[in-house]
Amino acid sequence: MKFPDLNNTFKAIVIGGSAGSFQGITRILAQVPEDFPLPIIMCLHRLKHVRNGFIEALAIKSIKEVIEPFDKESIKRGKVYLAPANYHLSVELGHYFSLSTEDMVNNSRPSIDITLETAAFTYKNKLIGILLSGANKDGALGMKKIKDNGGLTIVQDPAECMIDTMPVAALDITQIDYTLGIENIIQFLSEIHKLYK
Amino acid sequence: MQEIHIVDLRKITEIIKTKYGYDFTNYAISSFKRRILRILELYKFNSVDALAKKISDDPAFFEEFISEITVNVTEMFRDPSFWRIIRDKIIPNILLNHKKVSIWHAGCSSGEEVYSMAILLKEMGILEDSKIIATDIDDQILERARSGVYTVKNMELNEKNYVRFRGENELNKYFEVKNGLAYMDKSLVKDVSYRRHDLVKGIVFNKFDIVLCRNVMIYFNQNLQNDVLKKLHESIFKYGYLAIGSKESLIWCEIANKFIVVNNEEKIYKKIKE
């Protein structure tokens, strides 16, 4: 597959996922090499009242360490971040995170829309958004914000998703640059990796 | 949904500062922006200017604004393991040197944390020997905290937390359900002093053995966190404790060296220097 829009000016990648996305995420993390240059910010729906375990489950396959950031933690090159349980994760203009316990959005906390929207506002056209399998429409508006700000948008191919509500909702309301299976998302990231060498 | 720019936020914070003396300038931008958007939708303002004018012209509306701008999502026994440490380690430690335990809930919101503490102290048999002060910037939410009435749906979550806290009873021993609402046993908080207090502009008013300020400073930027932490530090007895939210950290704060970590997982710190 060819990705003509790619260049080395991107500053960050955000990934949203919910029901049915765990396997895809672990496959992706298993292929993201240690020297991958961009920060990857993940907002995945998870059990609200279980603080531990999720990171450990992701870590089994992930090459890089997965970090649940603290409030006001700086976003660093090449790090992999995961929104903590029961907090919304926002990206702030100074390239750091802030957390909040506001009401659930789309029945979710963390809400993918919040992470994607704030990342879009901060990184503008330097952002890549990836939305995976999921059973509600959280993340669709966030993908629209990424596109509206000039960023690049990817959804997991609905045909491959365990539950396709989430990527389909995004395809419905905004322009999606690539609709890809997990294998091709991995290939996309590997192209990015090459461009930054 | 409309977009709000930083200049719009500044417009609002300036008016509030000049007119009412509250300073929201250093609130964390993302969540502050979302709250403003929410208020625009809720009250059907068609522009930030319209909201700014209403705030400026109508002090009663400003009270509602304060209520809407602050985040009031809270639970009883949020992070049950935190409450176990408070019961099993922190309070016994304080009682080695003090006869009474004094506690400040800074940013108490609708009061669930205050009830959690009161229940914990009651089960330890020392509620009568404790002094609790609970403060918030928002008068309306203090009223709700005082009333101790919660939705049954929230109580289900609170009960789950209480079980994981491993309390002595069933949580429903402490409330009654009437007309679909849960009424807390008010005798638990009869000695609690609920007061309006703004962490940003407010003065240091007392010293305490434990200050709980969990998931409050996440709404502030780092500069403001530093300022507020100085005040919290001043409000704690030497060798007293500070508890913050599980995903907050003192690491990058100026006064970090005046505390030691007592429990890193639960973010409980001990003041070791004045």
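The C-alpha centres of domain 1 and domain 2 of chain B lie 28 Å apart. Domain 1 of chain B covers residues 6–69 and domain 2 covers 80–271, with bounds taken from an automatic or database domain assignment. This is a predicted model, in which local features need pLDDT of at least 70 and side-chain atom pairs count only at pLDDT 80 or more, while totals for chains, interfaces and linings use all residues. Residues are numbered from 1 along each chain as its sequence is written, and chains are lettered from A and ligands numbered from 1 in the order in which they are written.

Where the two domains of chain B meet, 10 residues of domain 1 and 14 residues of domain 2 take part; two residues are in contact if their C-beta atoms, placed from the backbone, lie within 7 Å. On the domain 1 side, helix α4 (residues 59–69) of chain B gives the largest share, three residues. Helices are DSSP runs of H or I, at least four residues, numbered from the N terminus.

Chain B also meets chain A: 15 residues of chain B are in contact with 16 residues of chain A. Helix α2 (residues 29–42) of chain B supplies the largest share of the chain B side, four residues.

The largest nonpolar core has 135 residues. Such a core is a set of buried Ala, Val, Leu, Ile, Met, Phe, Trp, Tyr and Cys residues joined through C-beta atoms within 7 Å, buried meaning that 20 or more other C-beta atoms lie within 10 Å of a residue's own, these atoms being placed from the backbone. Its largest share, seven residues, comes from helix α6 (residues 112–124) of chain B.

Note on methods: A residue is buried if 20 or more other C-beta atoms lie within 10 Å of its own, exposed if 12 or fewer, and partly exposed in between; C-beta atoms are placed from the backbone. Helices (H or I, at least four residues) and strands (E, at least two) are DSSP runs, numbered from the N terminus.
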